[in-house]
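The following questions and answers concern one protein model. Sequence and structure come first.

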Amino acid sequence: MKPLHWIPLATVLASPCLCASAAEPPRTLTVGYYDFPPAIYSDTQGRPQGPLVDLTRELLETAGYQARFRGLPSARLYAALKNGTVDLWPGAPGKPELIADTIEGRETLAQISLNLYHRPDTPPPQVPSSLARRGVIVIGGYNYWPAVNQMLHDPQLGIRLHRASSHASAIEMLQHRRGDYLLDYQIPVNQVLQRLGQRTLPYVNVYKVPIRFIVSRRLDDSQRVIDALDRAYVQRLEAGEDMSLPGE
């Protein structure tokens, strides 16, 4: 019978090990992004900022993970998703160069409007016919939706592209008639106009870009991760939380 006396003591000794295991920190996932202010961007200290950062961090925590953000130019971000140095990206689905190397979530986190802006003294354009042989201002370094890129480079339309270095400079170019139209996203344009104390520019909507979680297939459990993030979004939505981004 003596060996049986050791069972309660063995259980007590094992308990701290079980508690330590349960207290392990959540797994960290590297979240890639490129600057798209004010939704997501790096501040002057290189730290991630914006409501999409907050939403991503909260959903990862709900799903049992923690986020480590990494800001990259778009081309390097896509390469990092392919080679697995970035685990996921809250971005636009359907990128042809990423389809073979990523898994896209089902849930749409946000809808970001891509608009064609014009001056108040010009009539609303008909897309794409009004753009033929006209000058369209775009933001340098932005990678638009494939159908939009095809339209911009359609030889039959002959659109003249004028590239701006920032949203503010693009708006200034339009106002100073250095282009006929401005193709830009609604959230950053609204932010710039509000900062400058200017009225909203007239526009027609060209496309609504969905934002979803996109996970690298280099993760061994990529499907489980994307499913957990989708469930976290639905869980918070059903709890009555406002999941929209400011300026949508």
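Q: Which residue takes a positive phi just after helix 3?
A: The model is a predicted one. In it, the backbone just after helix 3 adopts a positive phi of about 90 degrees. The residue with this phi is glycine 84.

Q: How wide is the arc that the buried residues of helix 3 cover around the axis?
A: Helix 3 spans residues 74-83, and its buried residues are Ser74, Leu77, Tyr78, Ala80 and Leu81. They sit on the same side of helix 3 because the arc they cover around the axis is only 160 degrees.

Q: Which exposed residues does helix 3 carry on the face turned away from its buried side?
A: The buried residues of helix 3 pack against strand 1 (27-33), strand 4 (65-71), strand 5, strand 6 and strand 11. The face turned away from that buried side carries two exposed residues, Ala75 and Arg76.

Q: Is aspartate 101 buried or exposed?
A: Aspartate 101 lies in the loop between strand 5 (88-91) and strand 6 (102-104). Leaving aside residues up to four places away in sequence, aspartate 101 touches Leu81, Lys82, Val215, Ser216, Arg217 and Arg218. The relative accessible area of aspartate 101 is 16%, and the cut-off for buried is under 20%. Aspartate 101 therefore counts as buried.

Q: How many degrees lie between the planes of tyrosine 117 and tyrosine 203?
A: The structure holds 5 aromatic pairs. One of them joins tyrosine 117 and tyrosine 203, with 5.3 Å centre to centre. The pair is tilted, and the angle between the planes is 55 degrees.

Q: How many residues apart are tyrosine 117 and tyrosine 203?
A: Tyrosine 117 belongs to strand 7 (residues 110-117), and tyrosine 203 to strand 11 (residues 203-216). Their pair links distant parts of the chain, and the separation is 86 residues.

Q: What is the relative accessible area of tyrosine 203?
A: Tyrosine 117 counts as buried because its relative accessibility is 0%. Tyrosine 203 is partly exposed, since its relative accessible area is 36%.

Q: What percentage of the residues in the protein is buried?
A: The protein has 7 helices and 11 strands. It exposes about 13,300 Å², of which carbon and sulfur atoms supply 53%. Of the 248 residues, the buried ones make up 43%.

Methods:
Residues are numbered from 1 along each chain as its sequence is written. This is a predicted model: local features need pLDDT of at least 70, side-chain atom pairs count only at pLDDT 80 or more; totals for chains, interfaces and linings use all residues. Side-chain values use heavy atoms; hydrogens and water are left out. Rings of Phe, Tyr and Trp (its six-membered ring) pair if their centres lie within 6.5 Å; planes under 30 degrees apart count as stacked, over 60 as edge-to-face and the rest as tilted. Helices (H or I, at least four residues) and strands (E, at least two) are DSSP runs, numbered from the N terminus. Buried means under 20% relative accessible area, exposed over 50%, partly exposed in between (1.4 Å probe, protein chains only). Accessible areas come from the Shrake-Rupley method with a 1.4 Å probe; for residues, only the protein chains shown count as cover. Contact means heavy atoms within 4.5 Å. The arc is that of the directions from the helix axis to the C-beta atoms.
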